[in-house]
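Me: I've got this one open and would like to go through it with you, a piece at a time. Could you keep the answers plain?

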Amino acid sequence: MTPAIELDGVSFAYGGGPPVLRGVDLRVERGEFVAVAGPNGGGKTTLLRVILGLERPAEGRALLFGEPAHAFSRRSTLGYLAQRAQLGTDAPATVREVVAAGRLASGGLLGPLRRRDRAIVDDALARVGLAELASRPLRTLSGGQQQRAFIAKALAAEPSLLVLDEPTTGVDAEAQEALAALLDRLHRELQVTVVYVSHEFGAVERFVERLVLVRGEIVFDGPPSALPEVWHDPSHAHA
Amino acid sequence: MRLAFASAAVVGLLAPAVGFFLVQRRMSLIGDGIGHVAFAGVALGYLLGIAPVVTALVAALAGAVAIEWLRARRHTAGDQALALVFYTGIAAGVVVVSAAGALDVDLFAFLFGSILTVTRGDLALVGVLGLGGLGAIALLYRALASAVIDEEGARVAGVPIAALNVAVAALAAVTVAVSMRIVGILLIAALMVLPVIAASRVAWSMRSNLLIAMGIGLAAALAGLTVAYYADMPPGGTIVLFAAGAFLATSAAEAARAR
């Protein structure tokens, strides 16, 4: 079976600047839960953008489920939680409206959501424990609850690949633990491939099968238990 | 007068409905930019002897697409794209107006709105374009609202964001063209934006924000037109002052609720 993600010798630079990624090889099998960590400025978000086909590598190739990532034909099955996901509007969007936005690509652009789509939205709300708060404006929820709403939005796409960029930024330690446990449960229940990007991975370390450290290139790739002590804080100055 | 009221009702519903998506995308002033290009279109209509509403619509659409093109393709910041189109439009309008020798009362009716100049032909055009615009919003509401909530996520999922942005800009252009007889080119942007901001003070969801804004727009258009008629005042200014008054009212309601 083709892997979910396959990067071969990927290098990338923005607008003729210094390389952000150098010779990255990465293979993520379907159903894996992988944490990608590294210091700020180490190329994590760029790596994600290459994986998602938003940037094309200067060298090498990036494949999603066997297809070139930039021309991936089933984009509606990509669930994406952007860095510091927040409402792109000042309007008082309810939790349900936010989650329903996740059905846009797969539910069609025109007209209201169909019954099946609404059921999927309800299911996503229930999975993250926000069914009771569905009618509340998102901005009245705590940071952790808001992140859960955005995770539900990503789930509403019924994703084959769930990509989360710094999902715990701005939430307290307790909420980080809860989010990590939620992602672990969703991964097991839905058998979805999860790529979790963070500059620190403490909360998710217990749940992931594999940890990838990025500093312009991949400097570690393996189970968290095999991580040398020197790397345990990926933001430190050790090279 | 009945023609003016019917036109005002369409404009009062359409302007905030389109403005809702402009405000959410933090492009509140795009209506002003497009309005100034429409002014050049009106002037061109006088110069060429074509119905000014038609030339204004064509110019407004061209301006709207230019703003989106500058933003999306040329990576120009939103306010810079707006400034480019805004000032080019008004400059072209002044030059063409001068060439056409059309600096007269008729032109001022387009700039500030005029009740008495609304004809059956105007009403038919306002009706067709206005109801068409409202129909398009009803059809595209979910897509436009979802893209506003998380544009990057929608882009990753393959949603044609650029096409949706052009659709919003085109709707703004249509709104300017159908509204200029009632509210006037200089104030149409206000009717697109003020009811939305007023509604956001008391709305409990995106959908309620849109619907309350349309209600405020309709009420302001009809009340403003009535007062303008009996007090012999310019309709555009009166309508917009009612919309501004709605903001004060909803802000007071919000404050009262918070206590």
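Me: Where is Asp232(B) found?
Reply: In this predicted model, Asp232(B) is found in the loop between α10 and α11 (235-258) of chain B, and its phi is near 55°, a positive value in a residue other than glycine.

Me: And is Asp232(B) buried or exposed?
Reply: Asp232(B) counts as exposed, because it has 8 C-beta neighbours inside 10 Å, and a residue is called exposed if that number is 12 or fewer.

Me: What about Phe65(A), what is its phi?
Reply: The phi of Phe65(A) is positive, about 50°, although Phe65(A) is not a glycine. Phe65(A) is found in the loop between β4 (59-64) and β5 (67-68) of chain A.

Me: Is Phe65(A) buried or exposed, then?
Reply: Phe65(A) is buried, because 20 other C-beta atoms lie within 10 Å, and the cut-off for a buried residue is 20 or more.

Me: Switching to the chains: how many residues of chain B are in contact with chain A?
Reply: On the chain B side there are 24 residues, in contact with 28 residues of chain A. The elements of chain B that give two or more residues to that side are α6 (120-149), α7 (151-156) and α10 (206-231), and α6(B) has the largest share, with eight residues.

Me: How many of the residues on that side of chain B are nonpolar, polar and charged?
Reply: The side of chain B that touches chain A has 13 nonpolar residues, seven polar ones and four charged ones.

Me: Which domains does the assignment give for chain A?
Reply: The domain assignment gives domain 1 (1-74 + 162-183 + 190-239) and domain 2 (80-159). The contact between them takes 16 residues from domain 1 of chain A and 13 residues from domain 2 of chain A, and on the domain 1 side the elements that give two or more residues are β7 (161-165) and α6 (173-190) of chain A. By class, that domain 1 side has 11 nonpolar, three polar and two charged residues.

Me: Last topic, the largest nonpolar core: which residues touch the most other members?
Reply: Of its 171 residues, those that touch the most other members are Ala38(B), Ala60(B), Ala172(B), Ala173(B), Ala177(B), Leu191(B) and Ala243(B). Helix α1 (residues 2-24) of chain B gives the most to this core, with 13 residues, and the core also draws at least three residues from each of domain 1 and domain 2 of chain A.

Me: What is Ala60(B) in contact with?
Reply: Leaving aside its neighbours within four places in sequence, Ala60(B) is in contact with Ile34(B), Val37(B), Ala38(B), Gly41(B), Ala173(B), Val176(B) and Ala177(B).

Terms used
Residues numbered from 1 in each chain as written. Chains lettered and ligands numbered in written order. Predicted model: local features only at pLDDT ≥ 70, side-chain atom pairs only at ≥ 80, totals over all residues. Core = buried A, V, L, I, M, F, W, Y, C linked by C-beta atoms within 7 Å. Helix = DSSP H or I, 4+ residues; strand = E, 2+ residues; numbered from the N terminus. Domains from an automatic or database assignment. Contact = placed C-beta atoms within 7 Å. Nonpolar A, V, L, I, M, F, W, Y, C, P; charged D, E, K, R; others polar.
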